[in-house]
Amino acid sequence: MNESCAPVDAGVNEFERAKLEQGASRVIKAPRVTASPVSFECKTTQIIQLTTKEGDDVPTWMVFGEVVGVHIARHLLKDGVYQTADAEPILRGGGPGDYFTVTENDKFFMPRHF
């Protein structure tokens, strides 16, 4: 994960740098990570430069996109529903290197009432 987010020049192939196999996407031109059990194909809808509270531009951008393609490994679906804990995802947790995992033990049920 750290290899694929390193600050590198525009011409650097991040797939090669991270030793990841690229797979073809169905809708967009950009490749996806073949080994990932879940991936999304997205098209950019907005790019917004962030500002300070005074309105001054900062060299940071927020990118928004629309999901136009979804790839989910079949073993992660049960009755058509994605089973998050079965995928054993790793989530960025802030700090200099904090991460979290999601397990079945962390799951709880909270019904929605409308």
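User: Let's start with disulfides. What is a disulfide, in general? And how many disulfides does the structure hold?

Analyst: In general, a disulfide is a covalent bond that links the sulfur atoms of two cysteines. In this predicted model, the structure holds zero disulfides. Cys5 is in no disulfide, and its nearest cysteine sulfur, the one in Cys42, is 18 Å away.

User: Is Cys5 buried or exposed? And what does Cys42 count as?

Analyst: Cys5 is exposed, at a relative accessible area of 54%. Cys42 has 40% relative accessibility and counts as partly exposed.

User: Thanks! Salt bridges next. How do I read one, and how many salt bridges does a search of the whole structure find?

Analyst: Look for a side-chain nitrogen of Lys or Arg within 4 Å of a carboxyl oxygen of Asp or Glu. Searching the whole structure turns up three salt bridges. In one of them, the side chains of Arg17 and Glu3 meet, with 3.2 Å from N to O. Arg17 lies in helix α1 (residues 14-18) and Glu3 in the segment before α1, so this pair ties together parts that are 14 residues apart in sequence. Arg17 is partly exposed at 37% relative accessible area, and Glu3 is partly exposed too, at 39%.

User: Which residues form salt bridges with Lys53 and Lys107?

Analyst: Lys53 pairs with Glu54, where the closest N and O atoms are 2.8 Å apart. Both of these residues, Lys53 and Glu54, are exposed. Lys107 pairs with Glu104, and there the closest N and O atoms are 2.9 Å apart. Lys107 is exposed, with 56% relative accessible area, while Glu104 is partly exposed, with 43%.

User: Now the aromatic rings. How is a pair of rings described, and how many aromatic pairs are counted here?

Analyst: A pair of aromatic rings is described by how far apart the centres are and by the angle of the planes. Here the count comes to zero aromatic pairs. There is still a ring to look at, though: Arg92 lies over the face of Tyr99, at 5.3 Å from the ring centre.

User: What about the surface? Which residues make the nonpolar patch?

Analyst: Phe40, Val67, Val70, Ile72, Leu77 and Tyr82 make a nonpolar surface patch of about 470 Å². Strand β4 (residues 57-72) gives the largest share of the patch, three residues. Val70 has its place in strand β4, and at 40% relative accessibility Val70 counts as partly exposed.

How values were computed: Residues are numbered from 1 along each chain as its sequence is written. This is a predicted model: local features need pLDDT of at least 70, side-chain atom pairs count only at pLDDT 80 or more; totals for chains, interfaces and linings use all residues. Side-chain values use heavy atoms; hydrogens and water are left out. Rings of Phe, Tyr and Trp (its six-membered ring) pair if their centres lie within 6.5 Å; planes under 30 degrees apart count as stacked, over 60 as edge-to-face and the rest as tilted. A charge sits over a ring if NZ of Lys or CZ of Arg is within 6 Å of the ring centre and within 35 degrees of the ring normal. A disulfide is a pair of cysteine sulfur atoms within 2.5 Å. Buried means under 20% relative accessible area, exposed over 50%, partly exposed in between (1.4 Å probe, protein chains only). Patches are made of residues with over 30% relative accessible area and no salt bridge: like charges are joined within 9 Å, nonpolar side chains (Val, Leu, Ile, Met, Phe, Trp, Tyr) within 5 Å. Accessible areas come from the Shrake-Rupley method with a 1.4 Å probe; for residues, only the protein chains shown count as cover. Helices (H or I, at least four residues) and strands (E, at least two) are DSSP runs, numbered from the N terminus.
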